[in-house]
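Subject: A structure for you to look at

Hi there,

Here is the structure I promised to hand over. Have a look at it first, and then read on for what I found.

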Amino acid sequence: MRDYSEKRDFHRMQVNSEIEITNARGEVFTGVCRDLSATGMQLFVQQPVAVGEELKTMLRPTGEQIPPLETVCEVVRCEAEGDGYLLGTTINEVTQ
């Protein structure tokens, strides 16, 4: 029998890459995208973000052959972790 983490509709890809985030007030900050799936991302940031807040994100690839991934997502979870916060987000739109 598969455990809970394997019952997702989409597999998660471990990323651990810097991501640029813009909040609803237009403030830009960086975080780390820890994992990515077709429907969501897990982000590590330095400040808490309210559940329900809409964020725009830009994940730049390491090479120039692939364009950056730009999304509009919604925070569904914010938990303190170490010296920052772990955000669970749902991707509502891929803008590029």
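Before we start, one term: two strands pair if DSSP finds at least two bridges between them. Please also keep in mind that this is a predicted model.

With that term in hand, take strand β1 (residues 13–22) and strand β4 (residues 54–59): they run antiparallel and are joined by 3 bridges. Within this pair, Thr-22 stands opposite Lys-56 of β4. One example is Glu-18, whose bridge partner in β2 is Val-32.

What do these strands build? They form a closed barrel of 6 strands with antiparallel pairing, in the order β1-β2-β3-β6-β5-β4. On average, neighbouring strands of this sheet are turned by 45 degrees against each other, ignoring direction.

Now for the inside. In soluble globular proteins, nonpolar side chains tend to be buried together. Here, the largest nonpolar core has 15 residues, and among those with the most contacts inside it are Ile-19, Ile-21, Met-41 and Leu-87. The elements that each give two or more residues to this core are β1, β2 (28–36), β3 (40–45), β4, β5 and β6 (84–94).

How many disulfides does the structure hold? There are 0. For Cys-73, the nearest cysteine sulfur belongs to Cys-33 and is 9.4 Å away, while a disulfide needs the two sulfur atoms within 2.5 Å. Is Cys-73 buried or exposed? Cys-73 has a relative accessible area of 0%, so it counts as buried, the cut-off being under 20%. Cys-78 has a relative accessible area of 26%, which means that it is partly exposed.

Finally, a word on confidence. The average pLDDT of the protein is 88, and 88% of the residues score at least 70. Over residues 1–7, however, the pLDDT is below 50, and this stretch has 1 contact in the model beyond near neighbours in sequence.

Enjoy exploring!

Best wishes

Definitions and conventions: Residues numbered from 1 in each chain as written. Predicted model: local features only at pLDDT ≥ 70, side-chain atom pairs only at ≥ 80, totals over all residues. Heavy atoms only, no water. Helix = DSSP H or I, 4+ residues; strand = E, 2+ residues; numbered from the N terminus. Core = buried A, V, L, I, M, F, W, Y, C linked by side-chain atoms within 4.5 Å. Buried < 20%, exposed > 50% of the residue type's maximum accessible area, 1.4 Å probe, protein only. pLDDT = per-residue confidence, 0-100. Contact = heavy atoms within 4.5 Å. Axes fitted to C-alpha atoms, helices over the stretch in contact; angles between N-to-C directions.
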